[in-house]
Every structure is written in C-alpha cells, then in structure tokens.
Amino acid sequence: STSPAFALLFSWFFVGERLGAYELVLMGMVWTGLWFAHPRAGKAGASSAEGLRMGMMSGVITVTFFALGNVLRGMAMREWPQAVLGLAFAWGGLLGWTAATETLTLAPVMVYVAAIFWTIGYDTVYAIQDFDDDSIAGIRSTPRLFGAATRKMVAIFYGLALFCLSIAYQLVDTGPLAWLGLLGFGAHLAWQINQIDLKNPQIALKLFRSNRDAGLILALSLS
C-alpha cells in the first residue's frame, strides 16, 4: 500500500502542477488582452498607461471567471460550472469587438450571450462522459441536474444561442451568406441534439468535438 508520506508528497506535487498550469493560463490571457487593447487604446487617443490598464483588466476578469468555474466544479458547490465556463470563454469576443471598432454596442453583447448559451449546451454534452463518475464522486454538473431532460435542455440552450445570434445579425445587417451560415450552424446543432444519449459516453465526446465544425461554419460564412 502507498505510504502516507508518499501520498502527501504526491498531493503537493499535484497542487504545484495545477497552480503552475493556471499561472500559464493567466499570463497568456492577460498578455493577449494587453496585445489587443493597448494599440487600439493608443489609436483612440488614450495614454499608454490607460491601454495597459484596459488589457490587464480584461485578462484578469477573464481569468477570474475561468478560475471561479474550476473552483466551483472542483468543490462541487454548484450544478452550473458550464455557465461559468461560458462567461469566461466568451469574454474574448467582447474584447475583440471593442479593440477592432472602439465601440461596444448591443450586437457584440448579443453574440457574447449567444456564446454563453452555446457553451452551456456543448459543455453539457461533454459532461455526459463523466456522468457516472461524477455521481460516484458527488460532483455536480448540468447533466446530473437535468437528468433525463438533458437533451431537451441542450435544445433550449442551443435555441437561445441561435436566437441571440439572429438578433446580432439583424443589428449589423449581415448579408445572405451570413444567414445561410447561421442556418447551417442551426442544422448542425439540431443534428447534435438528435444524437444525444446519456448512456453513450463515446457519442458525447464525438458530439462535443463536432462543435469545432459548427463554429467553422459560422466563421466561414462571416469571412
């Protein structure tokens, strides 16, 4: 059997490795924020210090959300880690829009909200893989919260994402190709919903990864 001293040493090693990983994530996101925000801030007439503050704040806010989501998931305090993940991952869209246009209007906010709903949906699909293990360990997640209604709830979140995107498209007056891409995006999400099976973890991973293709459809139609 494993000795207590070895177990303690391994535990400290694991904690150090996790902290190091989060530090790399934090620094990467903060400096990405600086890279985007600083040049635009200077172009708009703001000082270099103001640009640095904009980028630093953007990175810190994003990492705070990211860390909070992992803490909540790890401590099993909430059933909605997927929502916190969406708040963190989608933040870059607002930062990118502001850096590129020097404005913040309703359209990017709707895209941000859409990305949150989409993230909740696809990360719920991903978490289906861990359903049994999470149940044993007492870790909460949206699949455990929704249970047999998981497919229905994913459909609701995907539908909300499409609704928010359609509002954003109307606000910026996108062309026919963009709307065609949104239709293809919706068809892809509908295909995912039809394939969801709580008893099949393998299909859950396949569906989760397929969101890369769904996002590519959107990106290409807007390019």
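Helix axes are lines fitted to C-alpha atoms, for helices over the stretch in contact, and the angle between two N-to-C directions runs from 0 to 180 degrees. The structure examined here is a predicted model, in which local features need pLDDT of at least 70 and side-chain atom pairs count only at pLDDT 80 or more, while totals for chains, interfaces and linings use all residues. Residues are numbered from 1 along each chain as its sequence is written, and side-chain values use heavy atoms, with hydrogens and water left out.

The secondary structure of the protein chain comprises 10 helices and zero strands; helices (H or I, at least four residues) and strands (E, at least two) are DSSP runs, numbered from the N terminus. Read from the N terminus on, the order of elements is α-α-α-α-α-α-α-α-α-α. Of the 223 residues in the protein chain, 35% are buried, where buried means under 20% relative accessible area, exposed over 50%, and partly exposed in between, with a 1.4 Å probe and protein chains only.

Two helix pairs involve α5. In one of them, α4 and α5 pack at an angle of about 160°, and their axes lie 8 Å apart. That angle makes α4 roughly antiparallel to α5; angles under 35 degrees count as roughly parallel, over 145 as roughly antiparallel, 65 to 115 as roughly perpendicular and the rest as oblique. The crossing of α4 and α5 is right-handed. A crossing receives that label if the near helix is turned clockwise from the far one by less than a right angle, and is left-handed if the turn is anticlockwise.

Helix α5 (residues 106–127) also packs against helix α8 (residues 150–172), at an angle of about 160° and with the axes 8 Å apart. The helices α5 and α8 are therefore roughly antiparallel to each other, and their crossing is left-handed. The residues of the contact of α5 with α8 divide into 22 nonpolar, three polar and no charged. In this classification Ala, Val, Leu, Ile, Met, Phe, Trp, Tyr, Cys and Pro count as nonpolar, Asp, Glu, Lys and Arg as charged, and the others, Gly among them, as polar.

The helices α5 and α8 also contribute to the largest pocket, as do α4 (91–101) and α10 (201–222), each supplying at least two residues of its lining. On a 1 Å grid over the protein atoms alone, a pocket is an open set of points where a 1.4 Å probe fits, with protein on both sides within 12 Å along at least five of seven lines, and lining residues have an atom within 4 Å of a point. The volume of the largest pocket is about 510 Å³. Its lining consists of 24 residues, of which Val111, Tyr112, Ala115, Leu165 and Leu218 lie nearest the centre. The largest share, nine residues, comes from α5. By class, the lining has 21 nonpolar, three polar and no charged residues.

Individual residues complete the picture. Leu220 is found in helix α10 and is exposed, with a relative accessible area of 54%. The C-alpha atoms of Leu220 and Ala178 are separated by 8.6 Å, although these residues are 42 residues apart along the chain. Asp173 lies in the loop between α8 and α9 (176–195); Asp173 counts as exposed, at 67% relative accessibility, and has a positive phi of about 55° although it is not a glycine. Asp134, by contrast, is placed in helix α6 (residues 131–137) and counts as buried at 6% relative accessibility. The C-alpha atoms of Asp134 and Arg144, 10 residues apart along the chain, are separated by 8.1 Å.

Conventions:
Points joined across faces, edges and corners; volume = space filled by probe spheres on them.
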